[in-house]
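Please keep the sequence and the model at hand while reading.

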Amino acid sequence: MTTASTEQPETAKPTRRLLGVELLTVLGLSLGASGIGALISFTGSLTETLKLGQQVATLNASRAPGRPWLDLAWQLYYVARGLMPVVLVGYLLVREGTSLKVLGFDLGQKLRDLGRGTVVAAAIGGSGLALYLLSQAAGYNLTVAPSGLPDVWWRIPVLVASAWQNAILEEVVVLGYLLRRLGQLGWSWPAAVVASSVLRGSYHLYQGVGGLVGNMVMGVVFCLLYRRWGRVMPLVVAHALIDTVAFVGYALLAGHVSWLPTG
């Protein structure tokens, strides 16, 4: 009498079609959907009676004004929910037989990643701020308010958490995962860089033309650095530092300096 085998069948290697469907699904659940939402938002801004420079795009807005504990619960919920596409990407890479380490998303080179990320943040952060101020003054960009949170004890920690959530989500999905999948689908390197950069710019379009162009340029630079270093972690650090300075700086300086538009 024979017994049934307990061995599991090998998982078939995904076809290009399945990889394409997987990629579209991940983007549709994350930053691809954000790009479409940003386009709709920008269309609405263009059809407003107010000029773009007079309109305000608020980031990190209060979810429950006047109810700080409920507001905190909502803020933490959105930070955690924003990281779920990264969890999905990690799961899909494990199914592939690897992990997020293949993208260089790990703590194996902490000091080197921190140093590189800090240098990149310093170089891009200053030029990005200048581009924003110029485009906003010229009327091509909305006034961006990086913080709409109340002045309570948890404001700064939540802004820092939000900055890191943005950085991890964008660099893992739009940089590491997207470039890996496009390479597996047979895309050329220049085409993949264009796709990644355009996607990065698209979900910032709600800010205006300056947000679109500035983030596309940043996308090209990040793609080139990722190819050189083979790691997303330095770019996660750079992105997180840029957003932390923007979010926390605005919260502390808005209304106290004349050069910072507040709407």
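This is a predicted model: local features need pLDDT of at least 70, side-chain atom pairs count only at pLDDT 80 or more; totals for chains, interfaces and linings use all residues.

**Packing of α5 and α9**

- Helix α5, which covers residues 110–137, packs with helix α9, residues 233–253, at an angle of about 45°, and their axes lie 7 Å apart.
- The two helices α5 and α9 are therefore oblique to each other, and their crossing is right-handed.
- On the α5 side the contact involves D113, L114, R116, G117, T118, V120, A121, I124 and G125, which meet M233, P234, V237, A238, L241 and I242 of α9.
- Sorted by class, this contact of α5 with α9 has ten nonpolar residues, three polar ones and two charged ones.

**Nonpolar cores**

- The largest nonpolar core has 44 residues, and the members that touch the most others are V89, L103, F105, V172, V173, L175 and F222.
- Two or more residues of this core come from each of α1 (16–28), α4 (84–96), α5, α6 (155–184), α7 (189–202), α8 (209–229) and α9, with α6 giving the largest share, eleven residues.
- Another core lies apart from this one and has twelve residues, including L59, L149, W154 and F247.

**Surroundings of L175**

- When neighbours within four places in sequence are left aside, L175 is in contact with E170, S196, R200, F222, C223, Y226, V232 and L235.

Definitions and conventions:
Residues are numbered from 1 along each chain as its sequence is written. Side-chain values use heavy atoms; hydrogens and water are left out. Axes are lines fitted to C-alpha atoms, for helices over the stretch in contact, and angles run from 0 to 180 degrees between N-to-C directions. Helices (H or I, at least four residues) and strands (E, at least two) are DSSP runs, numbered from the N terminus. Angles under 35 degrees count as roughly parallel, over 145 as roughly antiparallel, 65 to 115 as roughly perpendicular and the rest as oblique. A crossing is left-handed if the near helix is turned anticlockwise from the far one by less than a right angle, and right-handed if clockwise. Contact means heavy atoms within 4.5 Å. Ala, Val, Leu, Ile, Met, Phe, Trp, Tyr, Cys and Pro count as nonpolar, Asp, Glu, Lys and Arg as charged, and the others, Gly among them, as polar. A nonpolar core is a set of buried Ala, Val, Leu, Ile, Met, Phe, Trp, Tyr and Cys residues joined through side-chain atoms within 4.5 Å. Buried means under 20% relative accessible area, exposed over 50%, partly exposed in between (1.4 Å probe, protein chains only).
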